[in-house]
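I am opening a notebook page on this chain and want to record what I looked up, entry by entry. The structure goes in first, and my notes follow.

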Amino acid sequence: QNHGEERQIRSNEIINGHTSYITKHSADDKHSNRMNQRAKDIADLKKKIGFFSMSKAERIFIAKKEHNKGNECFRSGDNEEAIKCYSKSISFNEACAIVYANRSIALI
């Protein structure tokens with residue numbers, strides 16, 4: 001396996017583990033169900049766009065686009081869509097703390 005395939009496998013294991021944890025501990029909680037769906041959507045998106053073959057610069061570019069889309073959605077009052085965009089941004093660049101803060105505010 002090449003490095004990209006190994007990262008993809010590990011990422012899938014993490015996402016599946018996270019999804020299993022959420023499902024196991026609060027299957028009837030609407031918030032957890034939304035988180036579970038977001039995790040699945042992000043995993044599907046990563047596969048669709050070839051995330052693991054992208055350069056770091058490409059991932060950061062997409063993260064910034066999603067962050068900006070999230071800001072626009074938040075300004076217009078569409079918090080659910082903003083949360084999705086912020087989550088996508090985080091999945092492409094986990095190092096940007098402001099996106100975590102923006103997503104937290106949108107969850108309130």
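Predicted model: local features only at pLDDT ≥ 70, side-chain atom pairs only at ≥ 80, totals over all residues.

**Entry 1, a glutamate.** I began with Glu-66, which counts as buried because its relative accessibility is 10%, where buried means under 20% relative accessible area, exposed over 50% and partly exposed in between, with a 1.4 Å probe and protein chains only. Glu-66 lies in helix α3, helices being DSSP runs of H or I with at least four residues, strands runs of E with at least two, both numbered from the N terminus. Setting aside residues up to four places away in sequence, I found Glu-66 touching Cys-85, Lys-88 and Ser-89, with contact meaning heavy atoms within 4.5 Å.

Residues are numbered from 1 along each chain as its sequence is written, and side-chain values use heavy atoms, with hydrogens and water left out.

I noted five helices and zero strands, so that the order from the N terminus reads α-α-α-α-α. Of the 108 residues, 33% are buried. Among contacts with a separation of 6 or more, 51% come from residues 24 or more positions apart. The accessible surface is about 7000 Å², and carbon and sulfur atoms hold 54% of it, by the Shrake-Rupley method with a 1.4 Å probe, where for residues only the protein chains shown count as cover.

How do the axes of α3 and α4 cross? The axes of α3 and helix α4 (residues 79-92) come within 8 Å and cross at roughly 165 degrees; axes are lines fitted to C-alpha atoms, for helices over the stretch in contact, and angles run from 0 to 180 degrees between N-to-C directions. The two helices are therefore roughly antiparallel, the term for angles over 145 degrees, while under 35 is roughly parallel, 65 to 115 roughly perpendicular and the rest oblique. The crossing of α3 and α4 is left-handed, meaning that the near helix is turned anticlockwise from the far one by less than a right angle, whereas clockwise would be right-handed. The contact includes Ile-62, Ala-63 and Glu-66 of α3, and Cys-85, Lys-88 and Ser-89 are among the residues of α4. By class I have eight nonpolar, five polar and five charged residues there, counting Ala, Val, Leu, Ile, Met, Phe, Trp, Tyr, Cys and Pro as nonpolar, Asp, Glu, Lys and Arg as charged, and the others, Gly among them, as polar.

I listed His-67, Asn-71 and Phe-74 of α3 meeting Ile-98, Val-99, Asn-102, Ile-105 and Ala-106 of α5, which by class gives five nonpolar, three polar and no charged residues.

Is Asn-102 buried or exposed? Asn-102, in helix α5, is buried, with a relative accessible area of 16%, and beyond its neighbours within four places in sequence it is in contact with His-67, Asn-71 and Tyr-86. Ile-108, by contrast, sits in the segment after α5 and counts as exposed at 83% relative accessibility. Its C-alpha atom is separated by 9.0 Å from that of Asn-79, 29 residues apart along the chain.
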